[in-house]
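Let's take a friendly walk through this model together. Have a look at the sequence and the fold, and then we can go step by step.

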Amino acid sequence: MESIVGTIMVGCILLAAVGLIVAKMIADRRKGKGHCGGDCGNCRKCH
């Protein structure tokens, strides 16, 4: 039973970390901090 609880806790921690990373990426994109680099000739409509 203890191994299941440990696995669930590690899974929750990993899920939370991935959620925070995705939220940060979405927030950065909304602020215009994309990876475009400002070269409008090669822009793929990232912002």
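How many salt bridges does the structure hold? In this predicted model, there is one. The partners are Asp-28 and Lys-24, and their closest N and O atoms are 3.1 Å apart. Both residues sit in helix 1 with a spacing of four residues, which is about one turn of the helix. Their surroundings are worth a look too. Asp-28 has a relative accessible area of 18%, so it counts as buried, the cut-off being under 20%. Lys-24 has a relative accessible area of 48% and is therefore partly exposed, since exposed would require over 50%.

Now step back to the helix that carries this pair. The chain has one helix and zero strands. Helix 1 covers residues 2-30. You can check its length for yourself: with 29 residues at 1.5 Å a residue, helix 1 should span 42 Å, and because its end C-alpha atoms are 42 Å apart, the two values agree. After helix 1 comes Gly-32, which has a positive phi, near 85°.

Of the 47 residues in the chain, 4% are buried. The chain exposes about 4500 Å², and 67% of that comes from carbon and sulfur atoms.

Methods. Residues are numbered from 1 along each chain as its sequence is written. This is a predicted model: local features need pLDDT of at least 70, side-chain atom pairs count only at pLDDT 80 or more; totals for chains, interfaces and linings use all residues. Side-chain values use heavy atoms; hydrogens and water are left out. Helices (H or I, at least four residues) and strands (E, at least two) are DSSP runs, numbered from the N terminus. The expected span of a helix is 1.5 Å times one less than its number of residues. Buried means under 20% relative accessible area, exposed over 50%, partly exposed in between (1.4 Å probe, protein chains only). Accessible areas come from the Shrake-Rupley method with a 1.4 Å probe; for residues, only the protein chains shown count as cover. A salt bridge is a side-chain nitrogen of Lys or Arg within 4 Å of a carboxyl oxygen of Asp or Glu.
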